[in-house]
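I opened my notebook for a look through this model. Here is what I looked up, entry by entry.

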Amino acid sequence: DGPAKEVGVILVNEIGVDPGIDHMSAMKVIHEVERKGGKIASFVSWVGGLPAPEASDNPFGYKFSWSPKGGMLAGRNAARFQRDGQLVEIPGDELFDHYWPVQISGLGEFEGYPNRDSMPYRETYGIQPTDWMFRGTLRNVGWCATLKKLAEIGCFDDAPLVGPPGTFREFTSGLLDVSPDTDLAQFLAERWGMCQDSKPLTDMEWLGLFSDDPLPAGKNTPIDIMAELMQSKMAYQPGERDMIVMQHEIVAEYPDRMEAVTATMIDYGIPHGDTSMARTVGLPAAIAVRMILHGEFSGLTGVQVPVIPEIYEPVLAELAELGISLTEKRQVLDG
């Protein structure tokens, strides 16, 4: 930031989809509330990159439109957020124990869980909510229970395996420290106190973790093996669409009332064209680059996050012309 200011250049950071469009669309609502004399009492924001409903055809309800390993690593992050005005801290190994149902109009119910540390965004957004301060990730129902069990047995560990196993059955039995001849589904059902047809176990079987299929060549850590496996089983096929879902759930407090504001974006990939992930990550950055080159951020220097009107207003306006925007709904709350 300092050197950029010294030479008079601007560096626009956090301008993809998450972070990026989420920042800009949230600040649009926050600044509007403040202009009307209100303040933010509660802030909850959800983002998920998912298959479009017609392409959600595997048990996980998920396909990778970005780095599989990045997705696995994100599932190990600790989380911090504010709930009912109190700080909540979640260790990484407990992340998938903490999820909630989230309703998205037109799509139905999803699971939402914390996305790392939400607390610094109070300063980023210039707000001090008295209730929730929360940023979360959306997945289809059942994701958290399965990912919790995969993490529990060590599937996302990054320590190299000693004497790498040859098959997935050997890989899984090694993580469990049992003989490869063990009935792994029955063993885990008894260990976890669940039926063999419970979702985590049928998901693991579908992935092939109990099979005699060979492991991917050149991978010798659990997380790399799992990333390769999940990419092979959970990839988009030609013509399939992905989907980005974003929803802000904000409660604004005014002197005479409380108002709930819900802002929702549902964006789909283009069949045989760009994914929604590519569009929503790439287009905001491209717009900002062009604006920098044309000198449209006159007077702004240093590292800038797009939470000021001079950046977010023109970028959001152009994104809307490209079909990427949020729909806002407002409701006065009783009491």
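This is a predicted model: local features need pLDDT of at least 70, side-chain atom pairs count only at pLDDT 80 or more; totals for chains, interfaces and linings use all residues.

I began with contacts, taken as heavy atoms within 4.5 Å. Leaving aside residues up to four places away in sequence, I found that Lys 233 touches Trp 206 and Leu 207. Lys 233 sits in helix 9; helices here are DSSP runs of H or I with at least four residues, strands are runs of E with at least two, and both are numbered from the N terminus. I noted Lys 233 as partly exposed because its relative accessibility is 35%; buried means under 20% relative accessible area, exposed over 50%, and partly exposed in between, with a 1.4 Å probe and protein chains only.

Residues are numbered from 1 along each chain as its sequence is written, and side-chain values use heavy atoms, with hydrogens and water left out.

Salt bridges came next. I counted a side-chain nitrogen of Lys or Arg within 4 Å of a carboxyl oxygen of Asp or Glu, and by this rule there are 22 salt bridges. One of them joins Glu 54 and Arg 241, at 2.8 Å from N to O. Glu 54 is in the loop between strand 2 (39-51) and helix 3 (68-74), and Arg 241 is in the loop between helix 9 (222-233) and strand 8 (242-254), so this pair ties together parts that are 187 residues apart in sequence. Arg 241 is partly exposed, at 23% relative accessibility.

I then checked Asp 203 and Lys 199, whose side chains form a salt bridge of 3.1 Å, N to O. They are four residues apart in helix 8 (residues 199-207), so about one helical turn separates them. Which of the two is buried? Asp 203 is, at 1% relative accessibility, whereas Lys 199 is partly exposed at 28%.

My next pair was Asp 267 and Arg 279, in a salt bridge of 3.5 Å, N to O. Asp 267 belongs to strand 9 (residues 257-268) and Arg 279 to helix 10 (residues 276-293), so the pair ties together parts twelve residues apart in sequence. Both Asp 267 and Arg 279 are buried. I also wrote down a salt-bridge network that links Lys 28, Glu 32, Lys 36, Glu 259, Glu 328 and Arg 330.

Where does helix 10 kink? I found a kink of about 25° at Gly 282, shortly before Pro 284; the bend is the angle between axes fitted to the seven residues ending at a residue and the seven starting there. The buried residues of helix 10 include Arg 279, Pro 284 and Ile 287. Among the elements covering the buried residues are helix 2 (21-35), strand 9 and helix 11 (309-321). Just after helix 10, Gly 295 has a positive phi of about 70°.
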